[in-house]
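I opened this entry to look up how the ligand is held and what surrounds it. My notes follow in the order I checked things.

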Amino acid sequence: MKGCIFCQIVAGEAPCDLVHEDEGTMTFMDLFPVGKGHLLVIPKAHSENLFEIPEAELEQVVRHTRRLALVLRQVFSPDGIAVHQLNGAAAGQTVFHYHMHLIPRWDGDPRAMHGRVRGDAAEMAENARLISAALAEFSD
Ligand code: AMP
Ligand code: ZN
């Protein structure tokens, strides 16, 4: 969809730190991470939110979300992992292409849902590489 930043990423017209891509989904680092390893899993096809996404696409996203949560736990050993997904501006949604957040959390971390500062480019690229390599080895 024109003007949608995530559709631009899917089309290769905007950059991202890619972790994984398959026929229906894409996983990449959040550009304004709340913390180390903050990922987004999206369907490639544009749906605005949970109300619109076709069930078959949602199932693919959820399957990847679980797999990535297991991989993040293995790579970063966080104390917990937050998975969240916002629907509508009133709920805090800022990019209107369905996406699932995965955020590793450590005891005492503030529970913010959005980061304020752009992530360090080298660190995000390295984390994408680490997660991607662990995912390639992963079997469930
Ligand atoms: P939400 O508020 O749930 O819609 O979250 C949108 C998320 O997308 C925020 O955490 C942003 O930091 C993130 N974001 C926005 N633009 C980009 C981008 N070009 N690449 C990666 N993440 C992005
Ligand atoms: Zn889109």
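**Ligand contacts**

I started with the backbone: a polar backbone atom of Leu31 lies 3.1 Å from a nitrogen atom of ligand 1. I keep in mind that this is a predicted model.

Next I looked at side chains. An N or O atom in the side chain of Asp30 is 2.5 Å from an oxygen atom of ligand 1. For His101, I found a side-chain N or O atom 2.8 Å from an oxygen atom of ligand 1. I then asked how much of the ligand the protein buries. Taken alone, ligand 1 exposes 510 Å², and the protein buries 90% of that.

**Pocket and shell**

Where does ligand 1 sit? I find ligand 1 in the largest pocket. Two elements give two or more residues to the shell around the ligand: helix H1 (5-10) and strand E2 (25-29). H1 provides the largest share, with 3 residues.

I listed the residues around ligand 1 and got 17. Asp30, Thr94, His99, His101 and His114 come nearest.

**Strand E2**

Strand E2 gives residues to the shell, and I followed its pairing next. Strand E1 (residues 18-21) runs antiparallel to E2, and 3 bridges join them. I checked one pair: Glu21 has Met26 in E2 as its bridge partner.

Technical notes: Residues are numbered from 1 along each chain as its sequence is written. Chains are lettered from A and ligands numbered from 1 in the order in which they are written. This is a predicted model: local features need pLDDT of at least 70, side-chain atom pairs count only at pLDDT 80 or more; totals for chains, interfaces and linings use all residues. Side-chain values use heavy atoms; hydrogens and water are left out. A residue is near a molecule or strand if one of its heavy atoms lies within 4 Å of it. A polar contact is a pair of N or O atoms within 3.5 Å; within protein, one must be able to donate a hydrogen and the other to accept it, and residues adjacent in sequence count only if both atoms are side-chain atoms. Accessible areas come from the Shrake-Rupley method with a 1.4 Å probe; for residues, only the protein chains shown count as cover. On a 1 Å grid over the protein atoms alone, a cavity is a set of points where a 1.4 Å probe fits but cannot get out, and a pocket is an open set with protein on both sides within 12 Å along at least five of seven lines; lining residues have an atom within 4 Å of a point. A molecule sits in a cavity or pocket if more than half of its atoms lie within 2 Å of its grid points. Helices (H or I, at least four residues) and strands (E, at least two) are DSSP runs, numbered from the N terminus. Two strands pair if DSSP finds at least two bridges between them.
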